[in-house]
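Reader: I'm new to this one, could you walk me through it?
Author: Gladly; have a look at it here, and then we can go piece by piece.

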Amino acid sequence: MIKRLKQQLSSSPYLLVLSLFLPLIGFFIYANFYSSRFFIALILSLVVEIGYLVFGYMHLTSRQSALSLEKQDYRERLNLLEAEIQRERQTNEALRQKIASYLQLKELTERLGLSFSLTETAATFCRGIHAVYGGQNNTVILYLFRPRTRELSLTVSFCENNPVLLKVRNGDFYDRWVVKNTKPLLVEDTKNDFRFDADKISAGDGRMVRSLISAPLLVGEKSIGIVRMDRANEHHFTTDDLRFLTTIAGPGAVALENVQLYERVQELAVRDSLTGLFLRRYLMDRLSDEISGHFRRQGAFSFLMIDLDHFKKYNDRFGHTAGDIVLRTVGAMLAEMFRNPADVVCRYGGEEFAVLLPDCPKEKGLDLAQQFRKDIEAQTIVLRREKTRITVSVGVAGFPGDAHGRDELIQKADAALYKAKSNGRNQVVGV
């Protein structure tokens, strides 16, 4: 009981002061009424008590300061722990986003491997990039090199899953910088980048571009193009964005290179190496398809057989190399004349050519054949520094008016061609 009372007295400053001053009050009353000498003892007691109170106050102040410092220390530790927890959360979120991005990259790589068309592969690649970055206002652009000229050629461009019409189809200053240096490019603000003069650079297509990232498409040491993503506001892309785009560009370049090689092999299997036109077997397949499709669409088409007049004389006079020049010239003019995507122009054999014109009535086919004959007749060909001209004879047949099957259609067109040659050449004859 006494111990508990002492603890209460020591824990309460008021009780402590009361416990000290009550005896002093008693001593003061006793000294005042009974013994004046007791004042000396009373004064000494007061001095002792005042000293004790001063010591207690100083101890209490020191203790309070120590507690305040300890409280601040604990608060700093708490702030450090909260900051560390926040950093851990940010690190975990960044790691989660990276894992999600790499999973998307894995899925994109798998989808690229399933495509055998350059158009489909390019679209899948760019849409995959757009999905990984998730920016609705990001414009994704893919340029590939033309095989012969090695110039950039626009392949895919879209924003928010809609095609973007670009007037500059061979790249701008930034794209040429990536091609020249074969390095990725990050431009945080196109108006404040020390590497480029903003006053001399214009997008050329009316788009506002303030920030962009771009990476070359490399297969080993060979560059096949570039992939770029830009945006209308500045400071949108970071070095992490550029690093990940460079990572995506690796498998994308391999997939695009593979599908280009595949299409090239497929093209070599159906195209003539000299003229670049389709071969006869491809024409036969397309003729069969058109005849089968006629019964579904009830449409008419024309078939042209073309032969170079007196071609043997060119070979005898100028040599076979000159003959090849003539064949290439005629092939190029045929491809230019009949450039509708559905038209099929082929080298039928030797100096003979054939043209399939879907959805083209025979009357229109005759007009086109006549126009081509005139163009050839007006064309000047230089063989061994000598200017010469060449003419063609053309036979035209229509389906279904002139034939009921593929072989019959070819025979009818060939018969019309023979008639044109028999009548003096350099003319068009219809069945």
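Author: Bear in mind that this is a predicted model. We can begin with helix H4, residues 118-133, whose 16 residues reach 23 Å from the first C-alpha to the last, close to the 22 Å expected at 1.5 Å a residue.

Reader: Which residues of H4 are buried?
Author: The buried residues of H4 include Leu118, Phe125, Ile129, Val132 and Tyr133, along with Gly128 and His130. Just after H4 comes glycine 134, which takes a positive phi of about 70 degrees.

Reader: OK, switching to the sheet: what is the order of its strands?
Author: The sheet is open and has six strands in the order S3-S2-S1-S6-S5-S4, with antiparallel pairing. Strands S3 (162-163) and S4 (185-187) stand at the edges with a single partner strand each, so one side of each is left without a neighbour in the sheet.

Reader: And how many bridges join S4 to S5?
Author: Three bridges join S4 to S5 (residues 211-219), and the two run antiparallel; within S5, leucine 212 is the bridge partner of valine 187.

Reader: Which strands does helix H6 touch?
Author: Helix H6, residues 239-270, packs on the sheet and touches S1, S4, S5 and S6, with its direction making about 40 degrees with that of S5.

Reader: Where does H6 bend?
Author: H6 bends by about 25 degrees at glycine 250, and proline 251 follows within four residues. As for its length, the 32 residues of H6 should span 46 Å at 1.5 Å a residue, and its end C-alpha atoms are 46 Å apart, which agrees.

Technical notes: Residues are numbered from 1 along each chain as its sequence is written. This is a predicted model: local features need pLDDT of at least 70, side-chain atom pairs count only at pLDDT 80 or more; totals for chains, interfaces and linings use all residues. Side-chain values use heavy atoms; hydrogens and water are left out. Two strands pair if DSSP finds at least two bridges between them. Contact means heavy atoms within 4.5 Å. Axes are lines fitted to C-alpha atoms, for helices over the stretch in contact, and angles run from 0 to 180 degrees between N-to-C directions. The expected span of a helix is 1.5 Å times one less than its number of residues. The bend at a residue is the angle between axes fitted to the seven residues ending there and the seven starting there. Buried means under 20% relative accessible area, exposed over 50%, partly exposed in between (1.4 Å probe, protein chains only).
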